[in-house]
Every structure is written in structure tokens, then in C-alpha cells.
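Hi,

Here is the structure I promised to pass on to you.

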Amino acid sequence: MTAEVTHGLRLLADIGGTNARFALQSDPAGGFDDVEVLTGASYLTLGDAIRAYLEGARARGMAVDSVCHAALAIANPVEGDEIRMTNHHWAFSIEALRQELGLTTLLMVNDFAALAMALPHLQPAGRQRIGGGIELPNRTIGLIGPGTGLGVSGVVPAGGRWIALSGEGGHVSFAPVNRDEVAILEALWSEYGHVSAERLLSGMGLELIHWARTSRRMKAADITTAALDGSCLECQGSVRVFCAILGSVAGNVALTLGATGGMYIGGGIVPRLGVLFEQSAFRARFEDKGRLGDYLARIPTYLITEQYPALRGVSAMLSDQIFSLHQ
């Protein structure tokens, strides 16, 4: 690998619908320097947010003028030069942004493709097993993650490397599996027409589940807090429904991908649910696929606990990009 890949600071970012996590990295095989989380709504453009981060890093003593390569994972499809975020107001041209920032390389990838790239390299301390199953080596690994939206991805082994899948599986149509979920779907049909899995498995989704079940409007954070402290049985019920639906959708992804290398849960919501998730029907619903139940029972499910996994994945993708350009 060339010296350009292994030396000099690189800018990395994980840009969600709510927050943008930035970091600098001097060694692609090492950790991250100067990690900072910025609130997206505080900045008119992505370029403004990047410059604010770099100015702050400069003030903290980082040699940001040496940055010429950057990789940004973004919660959006990346299909060409023009990006218009689904869950945020930022819209931009990748090439124009590269020129604006004076970068040699600006790699823009889907955030869940970047997160998926980190999965084969997660250490045991970076994941928590949920249920049984045994992962098979060098097999497809699946990923699902509720946050501001619902991300779906995976990685496929190809020779001695991994290839990340970029898709928008969170927008598949929601399929209820019992009468209570049919009632939720009917309530949301009248509001939205098409009801996607993301419409339920996201921060807004938890709020909509609670509204459809109780006719009460509450913020997702308040629902979670009241469920965890035991002050609201209805909130606990809504969280249980959320976890059960997540299990069904995760099982669908595992079946679609043939994810016998394991199925992983990312995103910002599930880690906050703690024991409510661990004791939920998630795993039972993951396996509840009729004739394919035994197949799914053999696939392990994990909750990602590593702090910055998407940054690790996008770093690997940046190294591959720079290396291929210098062949």
C-alpha cells in the first residue's frame, strides 16, 4: 500500500439524519483522533459542518491542513454526484464539495454500507449476542439498524475481501403478523398511504406505534424513559411491539441475504432500550418464519456495542479507494 494511504491525517465522518460524527485518523489500522459529534440542524450545509469541525480540530492542535483524503458515510442513497438527504435538509454535489474543501479524495458512501464493512472486524467486546445460533465463517453477514430512519445492509465475502451492499431495504412495505399489528397498519394507512418498515422502526416509528395503540402523542425519548423506569405500562407495551416488529423485519433481511454469517443490529435506538430489548420477543419473532424457522434459529443475532463502528468501516473503504487509484 502506498505511503499516501498510510501517512497523513484522513477525515472521516458518519452523517445521520440528526447528528454528524467526525474524526481524524493518522493510521488506517489504528483508532480515531479528535472525535466530535455535531448537530446537523445547526448548520446550513454539510460543508459548513465540516469546516466547523476542522476549525475546532485546528484549535485543539490537530494538523488539519495536511488532510487531503476524506470519506463520509451518509444516511442516504449514494447513486451519483448529487445527494439530497431523505431525513435532513442538506443537498450537495460530491465533486463540488470536494473542490470546496480542497481535497484530493472525497469518498461518499451509504452509512449502512460503511457500518456493514466494519462487521467482519468487530471484536467480541464490540458486540452483544442476543439469543442462540452459530455464525459460519466467510458467509454473508446482515445488518439492520433503527435510528432517525431504518438502515439495512450487509457484506458479502469475495475472495480475500468483503463487498458491502448499498440499498434502501428500510423502505420495504411493512407486513403485520398479528391482529394488533394489523390495527397499527390500518391506523397508519389513513395517515400515510404506503407504510414502510422504516415508518415503524425508527424514532418516529416508536412514536407512531404508541399513538396507534393508545391515541396518545409522545416523543420517542419520553416513551423509552417511561418504559425503562416502569412508570408507564402503555409505554412498555409500545416498546415491546417495536422490538417484536424489529425481530420480524430482521428475520426477513436474514432470509433475503442468506446471512448465515450472522445478523447485526446497529442504529441509535436499540442500545438505549437495555433490558427491555434483551427480554423482548425480538429473537422469537426473528425465528418465527414457519418452515424456515430452523434455518433462522441457526443464525446468531448481535447488538453492535462498539462506539464508532461506521467510522471504522468507512476508513477501510477509503483505504481501498486510495489504493485502487495508485495501482
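Let me start with S238, which sits in helix α9 (residues 233-257); helices here are DSSP runs of H or I with at least four residues, strands are runs of E with at least two, and both are numbered from the N terminus. S238 has a relative accessible area of 0%, so it is buried. For that term, buried means under 20% relative accessible area, exposed means over 50%, and partly exposed is what lies in between, with a 1.4 Å probe and protein chains only. Leaving out residues up to four places away in sequence, S238 touches L206, I209, H210 and R213, where contact means heavy atoms within 4.5 Å.

Before going on, the ground rules. This is a predicted model, in which local features need pLDDT of at least 70 and side-chain atom pairs count only at pLDDT 80 or more, while totals for chains, interfaces and linings use all residues. Residues are numbered from 1 along each chain as its sequence is written, and side-chain values use heavy atoms, with hydrogens and water left out.

Now the open sheet. It has 5 strands in the order β3-β2-β1-β4-β7, with mixed pairing; two strands pair if DSSP finds at least two bridges between them. β3 and β7 (105-110) are the edge strands, each pairing on one side only. On average, neighbouring strands of this sheet are turned by 15° against each other, direction ignored. Strand β2 (residues 19-25) and β3 run antiparallel and are joined by 5 bridges, and L24 has D33 as its bridge partner in β3. Also in strand β3 (residues 33-39) is D34, whose phi is near 55°, a positive value in a residue other than glycine.

Two helices are worth a look next. Helix α4 (residues 111-118) packs against helix α14 (residues 309-325) at an angle of about 90°, and their axes are 7 Å apart. Axes are lines fitted to C-alpha atoms, for helices over the stretch in contact, and angles run from 0 to 180 degrees between N-to-C directions. α4 and α14 are therefore roughly perpendicular to each other, a label that covers 65 to 115 degrees, with under 35 degrees roughly parallel, over 145 roughly antiparallel and the rest oblique. From α4 the contact takes in A113, A114, L115, M117 and A118, and from α14 P309, A310, R312, G313, V314, A316, M317 and D320. These residues divide into 10 nonpolar, 1 polar and 2 charged. Here Ala, Val, Leu, Ile, Met, Phe, Trp, Tyr, Cys and Pro count as nonpolar, Asp, Glu, Lys and Arg as charged, and the others, Gly among them, as polar.

Then there is β13 (301-304). β8 and β13 run antiparallel and are joined by 4 bridges, with R127 opposite I304. Strand β12 (residues 263-265) and β13 run parallel, joined by 3 bridges, and M263 stands opposite T301. Which way do the side chains of β13 point? T301 and L303 point one way, Y302 and I304 the other way, and all are buried.

R298 is in the loop between α13 (293-297) and β13. R298 counts as exposed because its relative accessibility is 52%. Leaving aside neighbours within four places in sequence, R298 is in contact with G133 and I134.

The loop between β8 (127-130) and β9 (141-146) holds L136, which counts as partly exposed at 37% relative accessibility. L136 and G261 are 125 residues apart in sequence, yet 4.9 Å apart in space, C-alpha to C-alpha. L136 touches T260 as well as G261, not counting residues up to four places away in sequence. N138 lies in that loop between β8 and β9 too; N138 counts as exposed at 62% relative accessibility, and has a positive phi of about 55° although it is not a glycine.

Last, the aromatics. The structure holds 4 aromatic pairs, meaning rings of Phe, Tyr and Trp (its six-membered ring) with centres within 6.5 Å; planes under 30 degrees apart count as stacked, over 60 as edge-to-face and the rest as tilted. F277 and F282 form a tilted pair, because their ring centres are 5.0 Å apart and their planes are at 50°. F277 and F282 are buried, and ring pairs link F277, F282 and F286 into a cluster.

Best wishes
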